[in-house]
Amino acid sequence: MSTSSQTQFRYTQTPSKVLHLRNLPWECTEEELVELCKPFGKIVNTKCNVGANRNQAFVEFVDLNQAISMVSYYASSSEPAQVRGKTVYIQYSNRHEIVNNKSPGDTPGNVLLVTIEGVEANDVTIETIHLVFSAFGFVHKIATFEKAAGFQALIQFTDAETASSARNALDGRSIPRYLLPDHVTSCHLRISYSAHTDLNIKFQSHRSRDYTNPYLPVNPTAMEGLMQPVVGPDGKKQEPQSNVLLASIENMQYAVTVDVLHSVFSAFGTVQKIAIFEKNGGTQALIQYPDVTTAAVAKESLEGHCIYEGGYCLQ
């Protein structure tokens, strides 16, 4: 082994159930640490973003053998431990426990980390997640992603009290069967608290939503997954029903603003969100209603009609 390269482990230390991780990405989260370590055992404590550059952390396993297992695995593996593509250097800590820090997921906060077991990413829409969790209070933001643990979502509420109510009611429960595709036979929610307090949602898409900012840009590429047709019982492709309409505006002779669209579409019910964006040289908009029924009525009434007289701004 070359002495010029930085080794990933120090073998001279006495094994400890607390591991010291270095070279982590900036502001590495508790969830990322747990995700890296949980194949080897249960994490009971973490301490994140320590050191002058905030790129170090400590993790505490419930059992010494689990920590030894992780060190031994990466010592013999050709693939180094990585977080966000960065190689993470692991060694035993000289401490035997982490003090003054609660277990991951036990500190109440306003953001929940939800693992949806028994489903693929496309089986549960962001609308379904919003419907289930908004029963306990206003949902500010949702971000979904896939990890080794499965399909997960971060759900931000106004405060920790609201988030706690949702967690206490839904942890270990299932999403109602009628909200899931027919092929899903089992679906359970595993919920913990996230270390996040304010999610950074850059685009509205089928994977992330900011319900507090109707003017947030829409990621057209990400929205395509939401708009693709599904196959019905007869084998024919059909549009999925949604409380969000995608309107393409043609023959643009006059300006079409958020206020103009709100005036047109609110004739059929409460409009919750509107987002306008450009795609393929044309103007499109997303209009969100509280429910699918209202959206369907608006679609049937407005499709093919013009906003302005004289055939201008065809929807």
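# Salt bridges, a sheet and its helices

Reader: With which residue does Glu117 form a salt bridge, and how far apart are the closest N and O atoms?

Author: Glu117 forms a salt bridge with Arg190, and the closest N and O atoms are 2.9 Å apart. Glu117 belongs to strand β7 and Arg190 to strand β10, so the pair links distant parts of the chain, 73 residues apart. The general idea is that side chains of opposite charge can pair when their charged atoms come close. Keep in mind that this is a predicted model.

Reader: How many salt bridges does a search of the whole structure find?

Author: The search finds 7. One of the pairs is Lys17 with Glu60, where the closest N and O atoms are 3.9 Å apart. This pair also links distant parts of the chain: Lys17 lies in the segment before β1, Glu60 in strand β3 (residues 56-61), and 43 residues separate them. Lys17 is partly exposed, with a relative accessible area of 27%, whereas Glu60 is buried, at 7%.

Reader: Which side chain meets Asp198 in a salt bridge?

Author: That of Lys141, with an N to O distance of 2.8 Å. Asp198 sits in the loop between β10 and β11, while Lys141 is in strand β8, 57 residues apart. Lys141 has a relative accessible area of 10%, so it is buried, the cut-off being under 20%.

Reader: Several strands have come up. What is the order of the strands in their sheet?

Author: Strands of a sheet pair through backbone hydrogen bonds, either parallel or antiparallel. Here an open sheet of 5 strands has the order β10-β7-β9-β8-β11, and the pairing is antiparallel. The edge strands are β10 (188-193) and β11 (208-210), each of which pairs on one side only. On average, neighbouring strands of this sheet are turned by 20° against each other, direction ignored.

Reader: How many bridges join β7 to β9?

Author: There are 6, and the two strands run antiparallel. Val114 has Ala153 as its bridge partner in β9. β7 also pairs with β10, again in the antiparallel sense, over 6 bridges. In that pairing the bridge partner of Thr115 is Arg190, and Arg190 is the residue that forms a salt bridge with Glu117. As for cover, 6 of the 7 residues of β7 are buried.

Reader: What joins β8 to β9?

Author: Strand β8 (residues 139-147) and strand β9 (residues 150-157) run antiparallel and are joined by 8 bridges. Ile142 stands opposite Ile155 in β9.

Reader: Which strands of the sheet does helix α3 touch?

Author: Helix α3 (residues 126-133) packs on the sheet and touches β7, β8, β9, β10 and β11. The direction of α3 makes about 130° with that of β8. Helix α4 (residues 160-170) packs on the sheet too, touching β7, β9 and β10, and its direction makes about 145° with that of β10.

Reader: Which residues of α4 are buried, and what covers them?

Author: The buried residues are Thr162, Ala163, Ser164, Ala166, Arg167 and Leu170. Their cover includes β7, α3, β9 and β10. Just after α4, Gly172 takes a positive phi of about 85°.

Reader: Where is Gln288 found, and what is it in contact with?

Author: Gln288 is in strand β16 (residues 282-288). At 8% relative accessibility, Gln288 counts as buried. Leaving aside neighbours within four places in sequence, its contacts include Arg209, Tyr211, Asn243 and Thr270.

Key
Residues numbered from 1 in each chain as written. Predicted model: local features only at pLDDT ≥ 70, side-chain atom pairs only at ≥ 80, totals over all residues. Heavy atoms only, no water. Pairing = 2+ DSSP bridges. Helix = DSSP H or I, 4+ residues; strand = E, 2+ residues; numbered from the N terminus. Axes fitted to C-alpha atoms, helices over the stretch in contact; angles between N-to-C directions. Contact = heavy atoms within 4.5 Å. Buried < 20%, exposed > 50% of the residue type's maximum accessible area, 1.4 Å probe, protein only. Salt bridge = Lys/Arg side-chain N within 4 Å of Asp/Glu carboxyl O.
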